[in-house]
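Me: I'm new to this one and would like a close look at a single part of it. Here is what I have open.

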Amino acid sequence: MLRFFVKLTIFFASMGGLAWGAYGPVRDYIKQRNQPVWETAKVVRGNAVREINSSGTVRPVLRVSVGSFVSGPIVELKVDFNDEVKEGQILAMVDPRLFEANVARDEATLATRDAEVNRVQAQLQQARNNLLRGEKLRAKNKDFLSDREMDALTFDCQALEAQLVLSKAGVMQAKASLENSVANLEYCEIRSPVNGVVIDRKIDPGQTLAAQFQTPELFVVSPDLREKVHVFASVDEADIGLIKQAKEEARPVTFTVSGYPEDLFVGLIEQVRYSSEEVQNVVTYPVIVAAANPDLKLLPGMTASISFEVDSESDVLKIPSAAIRFLPTDINQVRPEDRQLLDGSNWKTTSEVDEEIMLTAREKAEVQRNKNKRHVWVKDGEFLRAVEIETGLRESKYDVLVVGDLKEGDELVTAQAKK
């Protein structure tokens, strides 16, 4: 019996020894299993570009409306949609028959007036000759012609001189009428006033124009569509200061259109207009971007996705934006000396602060000046350690490091991985 108890004691002692020996590894295993797994991203070095995104509409630089000055049926169309035209090229023809008849009538009237001038000139010359003969006879003997006869000869000349002036005025009137008729006949040929592309045609052959009260619009021609087009963008008031600075620095603007998603188009800011627009309490300003269009890929009305380059820096350290947004949720994961940072006040945005209290203008400006002072987190053994930083230029995925004890290749915590 004693022997049995000795064996049992030895067994339990052995089991206890084994348990004691396994306690350390099991404890380490459990601790390791419960240890959080952190997702990290590295601090990198490179060039940084800040861009502001917007959308816009492609429009021609100029839309020239071509109308008709005269009325009548359209007898011929010489151009169609998308045709490239030159200045002075005939686009359409109005039926010229009535206007040709008017020209013929006015030419005949002018010829009549010219003949009338010739007739009056001949009569005036005859009257002058008669007056000269009468003066010679009167000089020889006053009794050859009476005063009444001399007055008749004199007043005949004056009357014919006045009639000659009237006849010449009739000639001028006939010429003006003829010029008017010729101009109307020329207006039957509807010509392009500029070099460009026909982007709209609003008439058909046989259609009758009535231009008495309002000039009808027949074509819309866009000049220099290959050389330049405009992209009209709406930019939020919060970004308009950066846009104006980018314009002064002649920074490039890139954009894409759905029709050619693989092509990247480049332009420059041509104008920042002061005429604001307010839609649902959002104030925006029109920004005009000019871009070349040699292949006519940019068509009027296309929607463009635009990126305005407003700032850039070369060869700088860049912090992943996800690391700046990360904040530990468990205070026990943070080393003791950094736990006071987890009250969250350093991570509150300006809008969140404004919702809590009404700040003065001075306080809001101070918040804006300090908004780039933040903390990022790095692994320090079993805990996370906070690193105070100050950021500058902001990209879509990175922020430029201005101040902070970090170097290229350092790994920053961006999230806690799910097990």
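Is Arg 251 buried or exposed, and what is its relative accessible area? Please take me around the rings and charges from there.

Reply: Before we start, keep in mind that this is a predicted model. Arg 251 is buried, with a relative accessible area of 15%, because anything under 20% counts as buried. You'll find Arg 251 in the loop between helix H4 (240–248) and strand E12. Look across from there to Phe 308: Arg 251 and Phe 308 are 57 residues apart in sequence, yet their C-alpha atoms are 8.0 Å apart in space.

Now step along to E12 itself, which covers residues 252–257 and holds Phe 255. Phe 265 sits in strand E13 (residues 260–272), 10 residues from Phe 255. With 12% relative accessibility, Phe 265 counts as buried as well.

That pair is one of 3 aromatic pairs found in a search of the whole structure. Another brings together Phe 69 and Tyr 187, with ring centres 4.8 Å apart. Their planes meet at 50°, so this pair is tilted. Phe 69 is in the loop between strand E3 (64–67) and strand E4 (72–77), while Tyr 187 belongs to helix H3, 118 residues apart. Phe 69 is exposed, at 57% relative accessible area, whereas Tyr 187 is partly exposed, at 41%.

Tyr 187 also gives you a way into the helices. H3 runs over residues 147–187 and packs with H2 (residues 97–140) at an angle of about 165°. The axes of H2 and H3 are 8 Å apart. An angle over 145 degrees counts as roughly antiparallel, so that's what H2 and H3 are to each other. Their crossing is left-handed. As for what lines up there, the contact of H2 with H3 has 18 nonpolar, 13 polar and 16 charged residues.

Back to rings and charges for two last stops. Arg 59 lies over the face of Phe 232, at 4.2 Å from the ring centre. Lys 318 does likewise with Tyr 398, lying over its face at 5.1 Å from the ring centre.

Technical notes: Residues are numbered from 1 along each chain as its sequence is written. This is a predicted model: local features need pLDDT of at least 70, side-chain atom pairs count only at pLDDT 80 or more; totals for chains, interfaces and linings use all residues. Side-chain values use heavy atoms; hydrogens and water are left out. Axes are lines fitted to C-alpha atoms, for helices over the stretch in contact, and angles run from 0 to 180 degrees between N-to-C directions. Helices (H or I, at least four residues) and strands (E, at least two) are DSSP runs, numbered from the N terminus. Angles under 35 degrees count as roughly parallel, over 145 as roughly antiparallel, 65 to 115 as roughly perpendicular and the rest as oblique. A crossing is left-handed if the near helix is turned anticlockwise from the far one by less than a right angle, and right-handed if clockwise. Ala, Val, Leu, Ile, Met, Phe, Trp, Tyr, Cys and Pro count as nonpolar, Asp, Glu, Lys and Arg as charged, and the others, Gly among them, as polar. Rings of Phe, Tyr and Trp (its six-membered ring) pair if their centres lie within 6.5 Å; planes under 30 degrees apart count as stacked, over 60 as edge-to-face and the rest as tilted. Buried means under 20% relative accessible area, exposed over 50%, partly exposed in between (1.4 Å probe, protein chains only). A charge sits over a ring if NZ of Lys or CZ of Arg is within 6 Å of the ring centre and within 35 degrees of the ring normal.
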